[in-house]
Amino acid sequence: MYNQPDLFSPAGPAPDPAEFFLDGCNFFDLDKLYELSIQAYSAVANARMDDTLDKTCLHKYIKKILDTVSDFEAKTAASSYHNKNYCKNTAEAQLRLRAAADRAANDRGDPLVRTVLDSAYRVGHEIHRLMGLLRFTLVLDGFWLARCAPDHSILPVFAEYFTLRFGDDPWAIIDEKRRLALVRTACEEPCLGPLASFPFLSALPGGRCPDDKWEELWRRYHRNVSIENRKNPRLQLQLMPRRYWKYLPEIK
């Protein structure tokens with residue numbers, strides 16, 4: 001059995017399928033999709049975090065790929081019946097099926113596919129951006145906290161990344177737009193939930209700690225490495241949009 005990564009709830013127990021995929025899509029479909037095309041599975045996992053995307057698009061996208069593969073299997077079976085030498089190798093047959101799935105998953109001539117892939121790209125781009133732009137501050141004894149307001153519901157993706165980055169240190173990321181928090185206490189698995197379910201986080205003051213010595217060192221470093229003659233405000237806005245500045249101590 002292949003080892004499927006839990007892309008849909010990396011920070012906690014598996015959710016109810018109906019929470020993310022309404023009727024017409026189940027975990028069997030997702031397992032089959034992962035087996036056929038990791039690219040398509042990753043696109044669905046990313047696009048599912050896009051709050052603006054109609055989730056029925058994901059149902060139709062998955063169905064399109066699975067139907068394409070089913071049609072290809074039927075044609076292959078018919079060809080094999082008439083030509084016993086056609087695609088006798090099981091490994092070759094699997095490669096053909098996966099190639100058919102990848103073609104269907106990346107068919108940008110289809111508006112449905114283009115919608116899902118564009119959504120997946122936007123989400124993936126923000127994930128990559130925030131991995132570099134999240135700023136943590138020491139708010140309690142050995143506890144690190146970052147605040148953000150991302151365009152998409154991407155907190156679960158950061159569970160593994162920041163667990164590896166912080167080691168045994170406890171940390172939390174608060175999504176202020178959705179009032180969610182991703183929390184990891186020392187040596188425990190990260191947990192995603194409503195901000196209200198973590199009372200000690202709700203009691204913390206908003207904004208950043210004014211007397212954080214590490215942040216002051218970071219601001220000083222940022223000022224000293226900056227080259228005045230090479231400033232490019234337009235490029236800075238492109239790589240670091242203004243909506244993120246509220247959470248960047250070096251901007252203040």
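Trainee: Is Ala-93 buried, partly exposed or exposed, and what is its relative accessible area?

Mentor: This is a predicted model, and the value is computed from its atoms. Because buried means under 20% relative accessible area and exposed means over 50%, a residue between those limits is called partly exposed. Ala-93, with a relative accessible area of 21%, is therefore partly exposed. The residue is found in helix α5, and its C-alpha atom is separated by 8.9 Å from that of Glu-73, which is 20 residues apart from it along the chain.

Trainee: How many helices and strands does the chain have, and what share of its residues is buried?

Mentor: The chain comes to ten helices and five strands, and buried residues make up 40% of its 252 residues. The chain exposes about 14900 Å², of which carbon and sulfur atoms supply 55%. Among contacts between residues at least 6 apart in sequence, 65% join residues at least 24 apart.

Trainee: How should I read a salt bridge, and how many salt bridges are there?

Mentor: The general idea is that a side-chain nitrogen of Lys or Arg must lie within 4 Å of a carboxyl oxygen of Asp or Glu. By this rule the count is eleven salt bridges. One of them joins the side chains of Asp-67 and Lys-63, with 2.7 Å from N to O. Both residues belong to helix α4, which covers residues 56-82, and they sit four residues apart, about one turn of the helix. Asp-67 is partly exposed at 33% relative accessibility, while Lys-63 is exposed, with a relative accessible area of 51%.

Trainee: Which parts of the chain does the salt bridge between Asp-107 and Lys-64 tie together?

Mentor: In that pair, the closest N and O atoms are 3.9 Å apart. Asp-107 itself is partly exposed, its relative accessible area being 32%.

Trainee: Where do Glu-176 and Lys-246 lie?

Mentor: Their side chains meet in a salt bridge, at 3.8 Å from N to O. Glu-176 is in the loop between β3 (171-175) and β4 (180-184), and Lys-246 is in the segment after α10 (233-239), so this pair ties together parts that are 70 residues apart in sequence. Lys-246 counts as exposed, at 55% relative accessibility. Salt bridges can also share partners, and in this way Asp-51, Asp-175 and Arg-178 are joined into one network.

Trainee: What is the phi of Arg-179, and where is this residue found?

Mentor: Arg-179 has a positive phi of about 55°, although it is not a glycine. The residue is found in the loop between β3 and β4.

Trainee: What angle do the axes of α3 and α6 make where they cross?

Mentor: The axes of helix α3 (residues 38-47) and α6 come within 8 Å and cross at roughly 70°. Because angles from 65 to 115 degrees count as roughly perpendicular, α3 is described as roughly perpendicular to α6. On the α3 side the contact is made by Ala-43, Asn-46 and Ala-47, and on the α6 side the residues include Val-116, Leu-117, Ala-120, Val-123 and Ile-127.

Trainee: Which residues form the nonpolar patch that includes Trp-214?

Mentor: Leu-138, Trp-214 and Leu-217 form this nonpolar patch on the surface, and together they have about 320 Å² of accessible area. Leu-217 has its place in helix α9, residues 213-225, and is partly exposed, with a relative accessible area of 46%.

Notes: Residues numbered from 1 in each chain as written. Predicted model: local features only at pLDDT ≥ 70, side-chain atom pairs only at ≥ 80, totals over all residues. Heavy atoms only, no water. Helix = DSSP H or I, 4+ residues; strand = E, 2+ residues; numbered from the N terminus. Buried < 20%, exposed > 50% of the residue type's maximum accessible area, 1.4 Å probe, protein only. Patch = residues over 30% accessible without salt bridge, like charges linked within 9 Å, V, L, I, M, F, W, Y side chains within 5 Å. Areas by Shrake-Rupley, 256 points an atom, 1.4 Å probe, with all protein chains shown as cover. Axes fitted to C-alpha atoms, helices over the stretch in contact; angles between N-to-C directions. Parallel < 35°, antiparallel > 145°, perpendicular 65-115°, else oblique. Contact = heavy atoms within 4.5 Å.
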